[in-house]
Amino acid sequence: MGDLAPSGLHFLAVPGVRTLLTPGMLAVGEALADACAQRRFLCVLGDAGVGKTFAVRTAARCLGAAVLLDLRAQSAPVDLRAGLHGALELTGAPPADPGAADTLIRRALAATPRIVVDDADRMSGSCLEYLRFLHDGTPGGLCVVLIAGQRGERHLRAQRMLATRTAAWLHLCALTRDQVPLAVPALHPLWQTVAPGRLQALDARFASGSLRRWVLLTHHTQRALAATSAAAPDARLLQTVVDRIDSPGRRP
């Protein structure tokens, strides 16, 4: 168990959620520190909800400044330039001339040599090639973290430029059945009164080891406790909450 999660990083920003020092979190911290030291690419992969983005952004905060990008699907280099211009807090509007825009971006990246790109598998090949251009054109290199789902690994692996510029390909996994009784009460105090077996049953029914799903369940359970003035969640309340939200169409 770590400190309270930084504001805005956790899914739904649920009050009281704590940072879990899971094996995945520790692995991301080590891999990111290594990639920063080498100024190379790092690819972080895993199924939706296992905590990839949270782990990377939390580790990045510990290492210092980072440029955080979340681009739309199939972005073009012009979108990437505009995103970097804003994230680097460069003055004025992005220059219309690509060369002028690149000069400003590369100058700023020399002082903040870390870029984190979420949903990187949605990026076009031309955008990934532009990241290679920035990496190769920055003195000493550039640490670029690409976060993608398991289905996006093939798209990233197809980018030949990543083969020689990537420090590591890191796969994050969901919580195991044995980890759930230890991790979930540490995630939020609300679960500390719930029996380990019931936590495992909830995970099998609803969360499947997904930290995002556990945060979602925490959010709705908090609301149910407030509505009923109950002090702690019992079996009936939890069953009601899960029945209300466990619809495939509502799953994040």
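# Briefing on a predicted protein chain

His85 is found in helix 3, which spans residues 77-87; helices (H or I, at least four residues) and strands (E, at least two) are DSSP runs, numbered from the N terminus. This is a predicted model, in which local features need pLDDT of at least 70 and side-chain atom pairs count only at pLDDT 80 or more, while totals for chains, interfaces and linings use all residues. Residues are numbered from 1 along each chain as its sequence is written, and side-chain values use heavy atoms, with hydrogens and water left out.

**The chain as a whole**

- The protein chain has ten helices and five strands, and its C-alpha atoms fill a box of roughly 60 × 35 × 30 Å, taken along the principal axes.
- Of the 252 residues in the protein chain, 48% are buried, where buried means under 20% relative accessible area, exposed means over 50%, and partly exposed lies in between (1.4 Å probe, protein chains only).
- Among the contacts in the protein chain with a separation of 6 or more, 69% join residues 24 or more positions apart, a contact being heavy atoms within 4.5 Å.

**The surroundings of His85**

- His85 counts as buried because its relative accessibility is 5%.
- Leaving aside residues up to four places away in sequence, His85 touches Leu90, Thr91, Gly92, Ala93, Pro94, Pro95 and Leu104.
- One of these residues, Thr91, has its backbone oxygen 3.4 Å from a polar atom of the His85 side chain, and a polar contact is a pair of N or O atoms within 3.5 Å; within protein, one must be able to donate a hydrogen and the other to accept it, and residues adjacent in sequence count only if both atoms are side-chain atoms.
- Ala101 is 16 residues from His85 in sequence, and the two are 7.9 Å apart in space, C-alpha to C-alpha.

- In helix 10, which covers residues 235-245, the residues Leu237, Leu238, Val241, Val242 and Ile245 are buried.
- These residues lie on the same side of helix 10 because they cover an arc of only 130° around the axis, the arc being that of the directions from the helix axis to the C-beta atoms.
- An α-helix has 3.6 residues a turn, so residues three or four places apart point the same way.
- The cover over the buried residues of helix 10 includes helix 8 (196-207) and helix 9 (211-228).
- Arg244 is also found in helix 10, and Arg244 counts as partly exposed because its relative accessibility is 40%.
- Arg244 and His220 are 24 residues apart in sequence, with a C-alpha to C-alpha distance of 9.4 Å in space.
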